[in-house]
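Here are a few quick notes to read alongside the model. Keep the picture open while you go through them.

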Amino acid sequence: MASRIASCWPPTGSIARYKTLEWMNYIATELHKGFTPLFRPDTPEEYKPTVRALLEKKLQYVNESLKDDQWICGPRFTIADAYLFTVLRWARAVKLNMEGLSHIDAYMQRMAERPAVAAALEAEGLK
């Protein structure tokens, strides 16, 4: 298992490694953390539209970032893709407006077609 995870990281010291770290941080701080108010039962309903609007703007950035690449960090699948896929599934679950995000749509399809992802979705009943 550890070797599979390690293979999802570009080599230490490479520009690709730093790009992966950059995306991991963006996903964690701007996307993942941004969903928190939508999952908390004590978030005031009047605040949720603001949260949704902020997340939808960030999803436009992700969509644009996927425009020229198969994966979020370029032509190679990385650990950032696994994390991004999970968080993007939350966007659909909380019914964010995903209209017009064609690069995200194509990305989600590519991810869902990966054998390990398809197996995990099936095992969790999420397919």
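**Notes on the fold and its charges**

1. Before anything else, remember that this is a predicted model. Now for the contacts: counting those with a separation of 6 or more, 66% are between residues 24 or more positions apart in the chain.

2. Of the 127 residues, 36% count as buried. The accessible surface is about 7,800 Å², and carbon and sulfur atoms hold 57% of that.

3. On to charges. There are 17 positive and 15 negative side chains, and the centres of the two sets sit 4 Å apart. Side chains of opposite charge can pair when their charged atoms come close. Here the count of salt bridges is 5.

4. Which residue does E30 form a salt bridge with? The partner is K58, with the closest N and O atoms 2.9 Å apart. E30 sits in helix α2 (residues 15-39) and K58 in helix α3 (residues 48-65), so this pair ties together parts 28 residues apart in sequence. E30 is partly exposed at 29% relative accessible area, and K58 is partly exposed at 22%.

5. Two other pairs to find: R40 with D42, at 2.7 Å between the closest N and O atoms, and E64 with K67, at 2.8 Å. R40 is partly exposed, at 43%. E64 is also partly exposed, at 44%, and K67 is partly exposed at 41%.

Note on methods
Residues are numbered from 1 along each chain as its sequence is written. This is a predicted model: local features need pLDDT of at least 70, side-chain atom pairs count only at pLDDT 80 or more; totals for chains, interfaces and linings use all residues. Side-chain values use heavy atoms; hydrogens and water are left out. Buried means under 20% relative accessible area, exposed over 50%, partly exposed in between (1.4 Å probe, protein chains only). Contact means heavy atoms within 4.5 Å. Accessible areas come from the Shrake-Rupley method with a 1.4 Å probe; for residues, only the protein chains shown count as cover. Lys and Arg count as positive and Asp and Glu as negative; His and the chain ends are not counted. The place of a charge is taken as NZ of Lys, CZ of Arg, CG of Asp or CD of Glu. A salt bridge is a side-chain nitrogen of Lys or Arg within 4 Å of a carboxyl oxygen of Asp or Glu. Helices (H or I, at least four residues) and strands (E, at least two) are DSSP runs, numbered from the N terminus.
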